[in-house]
Amino acid sequence: LFEERAAAFLEWYLADFRGPGRTLVDRLLPTTPDEERAALAAFGASHRSIYRVHQTFPDGVLLDDLWGGGLFRVRERRRLAGLAPGELFEARLCADDTAPPDVLFARTFCFHPREAEGGVRLQVERARAAGEPRDVLLFRLLRLRVRCERYRHVAPLRVYSGGEP
């Protein structure tokens, strides 16, 4: 999990972390060369959430945003091995600055066990009812995924449904 989490941390630090009031992207934009500014702005306006694959296509996927409720058609240049309908994962979606209005994946993904879908949906409902921000929910889901990895003898649905102490 180290490489995956290190890459996710760097992505979060660039797009989401608010140091002195602004994100790093916001602070870098004024000094970024013109040819790179559109790509950096697209990354800064990215959408990170928990998704479920609704349908696959040769050049991408159709995703359900479990938190926000939207459907996203994501174009993907890479071949996404193992990405099939029903997969649950956290990812960041960015506008393609070279071919608008296409949407692309950022680099990092955090996959959750398929068997945990009921528990993930329960966590989303609990977070909404409690008025939690999306970031808090995504961080909790990450901790539950790590717990699933650690306690392989416990069914993923039980881990995700039980929540945290």
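I began with serine 49, which counts as buried because its relative accessibility is 0%; buried means under 20% relative accessible area, exposed means over 50%, and partly exposed lies in between (1.4 Å probe, protein chains only). I noted for myself that this is a predicted model, in which local features need pLDDT of at least 70 and side-chain atom pairs count only at pLDDT 80 or more, while totals for chains, interfaces and linings use all residues. Residues are numbered from 1 along each chain as its sequence is written, and side-chain values use heavy atoms, with hydrogens and water left out.

**Entry on serine 49.** I found serine 49 in strand β1, residues 47-57; helices (H or I, at least four residues) and strands (E, at least two) are DSSP runs, numbered from the N terminus. Which side chains make polar contacts with the side chain of serine 49? One is that of aspartate 65, at 2.6 Å, and another is that of arginine 134, at 2.9 Å. A polar contact is a pair of N or O atoms within 3.5 Å; within protein, one must be able to donate a hydrogen and the other to accept it, and residues adjacent in sequence count only if both atoms are side-chain atoms. When I left aside neighbours within four places in sequence, the residues in contact with serine 49 (heavy atoms within 4.5 Å) included Trp67, Phe89 and Leu138.

In soluble globular proteins, nonpolar side chains tend to be buried together.

**Entry on salt bridges.** I took a salt bridge to be a side-chain nitrogen of Lys or Arg within 4 Å of a carboxyl oxygen of Asp or Glu, and by this rule the count is 15. Arginine 145 and glutamate 4 form one of them, at 2.7 Å from N to O; arginine 145 lies in helix α5 and glutamate 4 in helix α1, so the pair ties together parts that are 141 residues apart in sequence. Is arginine 145 buried or exposed? Arginine 145 is buried, with a relative accessible area of 9%, whereas glutamate 4 is partly exposed at 25%.

In another salt bridge, the closest N and O atoms of aspartate 96 and arginine 75 are 2.2 Å apart. Aspartate 96 sits in the loop between β4 (88-95) and β5 (103-112), and arginine 75 is in strand β3 (residues 71-75), 21 residues apart. Aspartate 96 is buried at 3% relative accessibility, while arginine 75 is partly exposed at 21%.

Last, I wrote down that Glu11, Asp16, Arg48, Glu90 and Arg92 are linked in a network of salt bridges.
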